[in-house]
Amino acid sequence: MAEDRTRTERSERRQVAALPWRRGPDGIEILLITSRETRRWVTPKGGRMAGKSDAEAAAQEALEEAGVEGRIVEQPFGTFRYLKALKRRAPRWCVVAVFPLEVTTEHPDWKEKAERRREWAPAAEAERRVDEPELKALIAAFAA
C-alpha cells in the first residue's frame, strides 16, 4: 500500500493556484474563472515556473487567466488534488498549492480574456460553483 502511494505521489503533477479575493459588502468574495475546455468554474492555476517562487507563479497565472493583480501570500493556504484529463494520454492526478491573492487591480483586458469568463461571487456561492471537493473545503476555510 505504501509503495502504491509513493508511486502515485511521484506521478502526480505539481501545480500552483491563486485564490483571488476581496472584501465585499457582505464579506469575502472569491473571483472564479471558467476553464478553457470544460467551462467549469475554477481558480487561476498552472504549472510551477522556473525562476519564480510558487507564489509568484500563482500570481502570474492570476494575471494571465483572470486579469487581476494584488498582494499574494508567500506560503500556500492549503492544497487540493484533482484528476486532469489530458489529450491523447491517460488522466493524471495534480496536486495544487493554493496561494491567497488579495486583488487590488482588475484589468479590463488580459491575455486569456477571449477564452474565459471571470466572475466575483460571495465565498459560499464560490464554494458551491467549484467541482473539486478539496477546493470547496479550502474556500470555506478561507472565508471562515
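Good morning. A residue counts as buried when its relative accessible area is under 20%, as exposed when it is over 50%, and as partly exposed in between. Please keep in mind throughout that the model before you is predicted.

Let me start with the overall arrangement. The protein chain contains four helices and eight strands. Read from the N terminus, the order of elements is α-β-β-β-β-α-β-β-β-β-α-α. The radius of gyration is 15 Å, close to the 15 Å given by the globule rule for 144 residues, so the chain is as compact as a globular protein of that length. Along the principal axes, the C-alpha atoms fill a box of roughly 50 × 30 × 30 Å. Of the contacts with a separation of 6 or more, 66% are between residues 24 or more positions apart. Of the 144 residues, 40% are buried. The chain exposes about 8300 Å², and carbon and sulfur atoms supply 49% of that area.

I turn now to the interior. In soluble globular proteins, nonpolar side chains tend to be buried together. Here, the largest nonpolar core has 20 residues, and the members that touch the most others are Ile30, Phe80, Val98 and Ile139. Two or more residues come from each of β1 (13–24), β2 (27–34), β6 (78–86), β7 (89–106), α3 (123–129) and α4 (133–143). Helix α4 gives the most to this core, with four residues. A second, separate core has 16 residues, among them Val16, Ala18, Ala66 and Ala97.

What does Ile30 touch, leaving aside residues up to four places away in sequence? Its contacts include Leu19, Pro20 and Trp21, then Trp120, Ala121, Ala123 and Ala126, and also Ile139 and Phe142.

A loop residue also deserves attention. Thr43 is found between β3 (41–42) and β4 (45–47). Is Thr43 buried or exposed? Its relative accessible area is 2%, which is under the 20% limit, so Thr43 is buried. Beyond residues up to four places away in sequence, Thr43 touches Ala17, Ala18, Leu19, Leu32, Ile33, Glu65 and Leu135.

Next, the aromatic residues. In one of them, the ring centres of Trp21 and Phe142 are 5.6 Å apart and the planes stand at 65°, so the pair is edge-to-face. Trp21 belongs to strand β1 and Phe142 to helix α4, and the two are 121 residues apart. Trp21 is buried, with a relative accessible area of 10%, and Phe142 is buried as well, at 18%.

Phe142 also pairs with Phe77, again edge-to-face, with 5.4 Å from centre to centre and 90° between the planes. Phe77 lies in the loop between β5 (68–72) and β6, whereas Phe142 is in helix α4, so this pair ties together parts that are 65 residues apart in sequence. Together, Trp21, Phe77 and Phe142 form one aromatic cluster.

The charged end of Arg22 sits over the ring of Trp120, 4.0 Å from its centre. The charged end of Arg81 sits over the ring of Trp93, at 4.5 Å from the ring centre.

Thank you for your attention.

Definitions and conventions:
Residues are numbered from 1 along each chain as its sequence is written. This is a predicted model: local features need pLDDT of at least 70, side-chain atom pairs count only at pLDDT 80 or more; totals for chains, interfaces and linings use all residues. Side-chain values use heavy atoms; hydrogens and water are left out. A nonpolar core is a set of buried Ala, Val, Leu, Ile, Met, Phe, Trp, Tyr and Cys residues joined through side-chain atoms within 4.5 Å. Buried means under 20% relative accessible area, exposed over 50%, partly exposed in between (1.4 Å probe, protein chains only). Contact means heavy atoms within 4.5 Å. Rings of Phe, Tyr and Trp (its six-membered ring) pair if their centres lie within 6.5 Å; planes under 30 degrees apart count as stacked, over 60 as edge-to-face and the rest as tilted. A charge sits over a ring if NZ of Lys or CZ of Arg is within 6 Å of the ring centre and within 35 degrees of the ring normal. The radius of gyration is taken over C-alpha atoms; the globule rule is 2.2 Å times the number of residues to the power 0.38. Accessible areas come from the Shrake-Rupley method with a 1.4 Å probe; for residues, only the protein chains shown count as cover.
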